[in-house]
Amino acid sequence: MKILKINGGRKLNGTVKIGGAKNSAVAILPASILCDEEVNILNVPNISDIDALKSILKHLNADVKTISENSLNINLKNIENKEITEEMSKKLRASYYFMGALLGKYKKAVVSFPGGCIIGSRPIDLHLKGFESLGAKVEYKDNIITITAKELIGNNIYLDVASVGATINIMFAAVKAKGVTIIDNAAKEPEIVNVAMFLNSMGAKITGAGTCTIKIKGVDYLKSCTHEVIPDRIEAATYIMIGSVLSDNLIVENIISEHIEALTQKLLEMGVDLKIDEDKVYVTNKNKLKATKIRTVVYPGFPTDMQQIMSTLMTQAEGKSEIEETIFENRFQNLYELQKMGAKVNVIGNKGYIIGPTRLSSANVNATDLRAGAGLVFAALIAEGETTINNTDYILRGYENLIEKLRKLGAKIQLIQI
Ligand code: UD1
């Protein structure tokens, strides 16, 4: 296990460059197997979820080469359809994308149930119902899902919930199906648009990505392309919130400001001093912060993935803040860890309350999931003294070069293998 030790209370200033979006890259790598030639993928974040996906691609006999620090070349000419075992699947949630991609390419996928952060029950029924609507048969044995189809035929699919994973997975299965598939009540997250653009660059015919109706006209062949992963809006949000408390002058660059508007509007409301350009944000801690309310909803609403980081910011705001979590049922575990650092918190049902401002103190805390961990890193950077964060692997799954980036801004942070 790796732990983080952070000595907080220091000012963090300078420039931080945001990496490629985890949730986009973790779909694009599995999508590459739909290609009949080779692809170049740029701006791939250096995170452990990507390492896990590269191993799965290599297991399928894809030739994966690093062409520069954040660029991959993946040659698919010799790939084979093999089972994605439990050992591979459990490493990350996004292993579920191999279901749609293998089904789309070979009309057969054998994949173990996905792993990922334990933030709720996280069913995949909508993914499987979508595959069935295209003509596939889904069978379960032990923890293994076998999905087969004689042929995949386009259909109209309505998602009961606008699920990011189901929207992308159904696109993968439909991209080489016969005829036209329409996904209604599709999720609209920017990562979905980025993935659809990747598929279209290979020759797919997808329209409407980013709206609630996506239309996919099946094609037979997908050719080579070069595609760039969009900047990670959750990583950007994390540094902007850190800067809101700890910086006299922080520049968060390589962002798409439109993608983080739900956050920046909230921060302005709270009194944070922000200057927002199209591709960068300047953050200064000048004013007293005011308590606020957020409600997590699908894009373009306030993202559930920013909620746990926001709760740390709320400990520094004057008054009673409220978070309503509507996407996942188990996403307040971080509040109990924050309590160990002195935060005044309360959880009632799907609402979390935080009373601030509080002087946070160092403690020994656990990262219960990826974004909970990021919220604790933020709290540890604020707190006086040395905080230890356990279960750091969760955090490293999603934050590129976290230690290096924070050190460059002036943080005292060490990663220790124990
Ligand atoms: C993705 C993101 C995750 C983010 C989440 C919501 C990836 C790898 N992960 O997760 O970071 O927090 O979107 O923005 O991109 N649901 C069902 N049945 C299904 C699928 C989902 O009921 O078959 C429900 C879920 O329980 C949840 C809601 O739909 O309540 C949204 O989940 P979904 O958008 O699918 O999240 P993930 O794809 O797991």
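Start with Lys5, which stands opposite Thr388 in strand 22. Bridges define pairing here: two strands pair if DSSP finds at least two bridges between them. Helices (H or I, at least four residues) and strands (E, at least two) are DSSP runs, numbered from the N terminus.

This is a predicted model, in which local features need pLDDT of at least 70, side-chain atom pairs count only at pLDDT 80 or more, and totals for chains, interfaces and linings use all residues. Residues are numbered from 1 along each chain as its sequence is written, and side-chain values use heavy atoms, with hydrogens and water left out.

**Stop 1: strand 1 and its partners**

Select strand 1 (residues 2-7) and strand 22 (residues 386-390). They pair in the antiparallel sense over four bridges. Pick Ile6: its bridge partner in strand 23 is Ile413.

Next, click Lys412, placed in strand 23 (residues 412-417). Is Lys412 buried or exposed, or partly exposed? Lys412 counts as partly exposed because its relative accessibility is 45%. The cut-offs are under 20% relative accessible area for buried, over 50% for exposed, and partly exposed in between (1.4 Å probe, protein chains only). Leaving aside neighbours within four places in sequence, Lys412 is in contact (heavy atoms within 4.5 Å) with Lys5, Ile6, Asn7 and Arg10. Draw a C-alpha to C-alpha line from Lys412 to Lys11: they are 10 Å apart in space and 401 residues apart in sequence.

**Stop 2**

Strand 2 runs parallel to strand 14 (residues 250-253), joined by four bridges. Zoom to Lys17, opposite Glu253 in strand 14.

**Stop 2: helix 1 and the cores**

Select helix 1 (residues 22-31). Nine of its ten residues are buried, so helix 1 is largely enclosed by the rest of the structure. Among the buried ones are Lys22, Ser24 and Pro30.

A nonpolar core is a set of buried Ala, Val, Leu, Ile, Met, Phe, Trp, Tyr and Cys residues joined through side-chain atoms within 4.5 Å. The largest has 80 residues; Ile74, Phe98, Met171, Phe172 and Leu199 touch the most other members. Helix 6 (residues 164-174) gives the most to this core, with seven residues. Apart from this core lies another, of 66 residues, among them Ile234, Ile294, Phe332 and Ala411.

**Stop 3: the ligand**

One is 2.6 Å from a polar side-chain atom of Ser163. A ligand oxygen is 2.8 Å from a polar backbone atom of Val164. For a polar backbone atom of Pro123, the distance to a ligand oxygen is 3.3 Å.

**Stop 4: Thr304**

Finish at Thr304 in helix 10 (residues 304-314). Thr304 counts as buried because its relative accessibility is 10%. Excluding residues up to four places away in sequence, Thr304 touches Thr296, Glu325, Ile327, Phe328 and Arg331. The side chains of Thr304 and Arg331 make a polar contact at 2.7 Å. A polar contact is a pair of N or O atoms within 3.5 Å; within protein, one must be able to donate a hydrogen and the other to accept it, and residues adjacent in sequence count only if both atoms are side-chain atoms.
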